[in-house]
Number of protein chains: 2
Amino acid sequence: MASEAGAVILQLFVLFAAAKVLGGLGGLVRIPSVVGEILAGVIIGNTFLRDSLQLSGEIEFLEILAELGVVFLIFTVGLETPFEEMKRVGKTSLVVAILGVVLPFVAGYAIMAALGSPTIEGLFLGAALVATSVGITARVLAEMGVLGRTEARIILGAAVIDDVLGLMVLTVVQALGQEGSLDPIQIAILLAQALIFVGLLMYFGGRLVRRVLHNNPLAERWEWTAPKGPMFAIAVVVCLGLSAGAALIGLAAIIGAFLAGMSFAASDARHDLVERFEGIVQFLTPFFFGFIGLQVDLGVALSVWHLALGVTVVALLTKVVGCGLGALALGKRSAFAIGVGMMPRGEVGIIVALIGLSMAAIPEGLYAVVVAMSLLTTLLTPPILVWAFRRLPPAQPERRNAA
Amino acid sequence: MASEAGAVILQLFVLFAAAKVLGGLGGLVRIPSVVGEILAGVIIGNTFLRDSLQLSGEIEFLEILAELGVVFLIFTVGLETPFEEMKRVGKTSLVVAILGVVLPFVAGYAIMAALGSPTIEGLFLGAALVATSVGITARVLAEMGVLGRTEARIILGAAVIDDVLGLMVLTVVQALGQEGSLDPIQIAILLAQALIFVGLLMYFGGRLVRRVLHNNPLAERWEWTAPKGPMFAIAVVVCLGLSAGAALIGLAAIIGAFLAGMSFAASDARHDLVERFEGIVQFLTPFFFGFIGLQVDLGVALSVWHLALGVTVVALLTKVVGCGLGALALGKRSAFAIGVGMMPRGEVGIIVALIGLSMAAIPEGLYAVVVAMSLLTTLLTPPILVWAFRRLPPAQPERRNAA
């Protein structure tokens with residue numbers, strides 16, 4: 001037990017150190033540090049380090065640290081995003097999300113149809129192209145200090161809606177692959193669950209936090225437990241609880257984390273929470289990005305590179321065009337920045353392909369293509385996103401983010 | 001993967017929430033919150049919750065979160081403990097540690113001899129009684145804000161020395177159990193490794209941190225990676241690296257973490273690091289204490305209660321008397337407080353018993369006795385420790401802890 005713990009701490013040490021060194025080196029030449037952190041994972045996963053660190057077999061604990069990392073990252077992004085601000089951009093986010101779902105899905109289906117593959121493979125590729133993974137975008141925007149900009153808020157809102165729509169698409173495709181038919185009642189229940197979950201939290205989360213937690217004598221007597229008040233522990237509980245709740249009804253855990261953060265965004269405790277979560281996020285997120293890199297098998301990725309490259313180009317273009325069209329009213333540069341922010345597929349695309357693979361609905365080769373596409377879109381987004389946001393006209397002073 | 005992550009987040013949510021609620025309730029009636037956190041684990045581990053949360057099988061990830069929790073907890077304790085202060089109490093710590101190793105070992109051996117058990121069982125019980133687990137004491141002292149007191153520093157110093165001595169004892173006992181004979185060269189190498197590791201870090205750790213990291217232009221260019229400077233990432237790297245190093249040479253990982261913290265204790269970054277690690281520690285440590293509780297099997301514990309109770313009383317008394325004698329020059333109340341701080345055996349005692357069990361050197365019953373003793377000493381320490389420190393005369397103003 002003791003030496004086993006030592007081996008795990010050694011793995012975490014190497015991964016964290018490599019991520020920080022490569023992230024820092026990237027920073028010196030103005031490449032967003034997330035790219036360096038992902039590359040650290042790729043290098044460790046494809047060299048002798050993989051075996052000498054015993055990272056070949058079960059690395060469940062690393063997956064969980066990674067998941068916690070992105071959950072807390074998105075929670076702190078939620079902390080910077082009060083509901084009032086989201087409401088202002090709600091309609092634009094909705095259009096961005098819908099167009100950003102329709103175009104990639106149709107394109108994915110069309111590619112496989114053009115290649116003469118079975119219908120179900122087209123449906124799965126379409127579903128994998130739908131999923132937006134907002135973790136990487138959120139991290140880049142947070143690092144640039146632009147989470148308060150309208151464009152950033154539209155991306156975050158669209159990512160939430162995108163996840164609800166993506167859940168629907170995946171459920172439909174999964175049902176078609178499994179039984180060849182649809183149970184509309186099941187779909188309706190899932191949709192209702194997701195909408196109620198998101199809707200209730202959006203509208204009542206912040207109010208509940210202000211009503212229940214502020215000026216509450218019980219909360220103040222809890223002080224002895226946590227010297228600076230119990231708000232931090234309560235925030236962790238709410239964040240973990242809503243993340244688990246979102247995952248249990250089929251949404252991504254980070255949707256729950258985002259809504260949890262939003263609920264605290266207008267509370268007096270916000271500033272204190274931002275500081276308190278900073279260390280956790282800085283400690284855990286390198287494991288998220290490193291873990292993405294660790295999953296890259298360069299050998300497999302190279303064997304399907306021609307189709308992977310084509311699909312990646314389609315994946316990038318359909319989000320930029322689809323989401324961009326939805327936000328064209330804000331001007332071309334803003335529309336482009338929003339489209340770029342929605343590009344990364346990250347782990348969500350991989351999960352969709354994994355389901356298809358486990359159902360034997362898609363072949364191994366197509367799975368490798370989706371994995372390569374997910375990683376390429378994730379790696380390519382940060383530099384383009386930084387460039388796209390630098391080109392934007394200066395934000396209105398009152399919209400600027402205080403943090 | 002998605003729903004699996006959801007299940008794990010649900011487990012973490014329940015454990016964290018239960019620990020915080022019971023810890024907070026304990027706080028209301030002035031029971032140290034660690035006791036509540038351990039009880040939360042005991043309750044979850046011994047009710048329907050264990051099965052419904054699927055906590056029966058492999059919970060490796062929880063063990064790792066627990067280990068990280070105590071590593072960062074002890075790192076922050078090290079941050080409050082500059083080497084200069086430790087040097088002042090070094091001799092007292094040494095005497096406290098030695099007497100606190102000899103008495104429990106002899107008593108453990110004597111108990112089994114009196115019961116007519118084989119010699120090897122007596123040696124293992126003795127070794128299990130030697131191990132001090134400083135995590136719980138450190139948490140209570142940190143909560144009370146008395147880490148700056150001489151008594152607290154003596155405990156921390158003695159815990160480090162105790163771990164080196166405990167490693168020696170365990171190695172000797174293990175060799176006797178396995179081969180029936182000793183290889184003095186192997187023992188000498190282990191001892192030399194441990195002493196060099198601890199000695200080098202104590203004397204040069206702080207100097208290295210000040211020389212290498214301060215006024216270093218390269219460190220400043222790293223800024224882009226971590227908006228508030230790279231010191232936090234460097235501290236995490238050093239903490240994980242030294243923890244892994246300590247574990248790899250057979251010491252407890254927390255010894256490395258403590259020495260890492262001590263190395264930053266006199267640096268300009270100390271205050272910022274204390275704040276940055278606060279959130280991590282508050283998030284992770286409930287998993288450490290909850291995990292201790294989760295491992296309690298009340299059924300087994302009750303079946304050996306008579307011997308367990310006797311051994312526990314011996315475990316408590318031998319540390320209080322042994323360690324207390326070593327610190328008698330400070331006055332009776334201080335000596336008592338120091339002895340109480342050294343009482344908990346925690347996970348270290350359990351590890352020793354587990355080694356004995358896996359070597360078939362001790363029977364299942366004796367293993368259960370050691371587990372019960374480890375947990376009882378851990379549960380009984382916090383209230384007694386709070387009481388013992390409240391009885392102390394006020395500290396000299398210049399020794400008081402700023403935090």
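Copies are superposed by least squares on the C-alpha atoms of residues with pLDDT of at least 70 in both. The structure is a predicted model, in which local features need pLDDT of at least 70 and side-chain atom pairs count only at pLDDT 80 or more, while totals for chains, interfaces and linings use all residues. Residues are numbered from 1 along each chain as its sequence is written, and chains are lettered from A and ligands numbered from 1 in the order in which they are written.

**View 1. Relation of chain B to chain A.** Chain B is superposed on chain A by a rotation of 180 degrees with 0.0 Å of shift along its axis, at an RMSD of 0.0 Å. That is the relation of a two-fold axis.

**View 2. The contact between chain B and chain A.** Chain B gives 49 residues to the contact and chain A gives 49 residues; two residues are in contact if their C-beta atoms, placed from the backbone, lie within 7 Å. On the side of chain B that touches chain A, at least two residues each come from helix 1 (2-28), helix 4 (60-79), helix 12 (231-248), helix 14 (270-294) and helix 18 (346-358) of chain B. Helices (H or I, at least four residues) and strands (E, at least two) are DSSP runs, numbered from the N terminus. Helix 1 of chain B supplies the largest share of this side, 16 residues. By class, the side of chain B that touches chain A holds 32 nonpolar, 11 polar and 6 charged residues (Ala, Val, Leu, Ile, Met, Phe, Trp, Tyr, Cys and Pro count as nonpolar, Asp, Glu, Lys and Arg as charged, and the others, Gly among them, as polar). The copies meet through the same surface, because 100% of the interface residues of chain B are also interface residues in chain A.

**View 3. Helix 8 against helix 19 in chain A.** The axes of helix 8 (residues 134-144) and helix 19 (residues 364-390) of chain A come within 10 Å and cross at roughly 35 degrees. Axes are lines fitted to C-alpha atoms, for helices over the stretch in contact, and angles run from 0 to 180 degrees between N-to-C directions. From helix 8 of chain A, A:Ile136, A:Thr137, A:Val140 and A:Met144 meet A:Thr378, A:Thr381, A:Pro382, A:Leu385, A:Val386 and A:Phe389 in helix 19 of chain A. This contact has 7 nonpolar, 3 polar and no charged residues.

**View 4. The fold of chain A.** Chain A has 19 helices and 0 strands. Its C-alpha trace spans about 65 × 55 × 45 Å along the principal axes.
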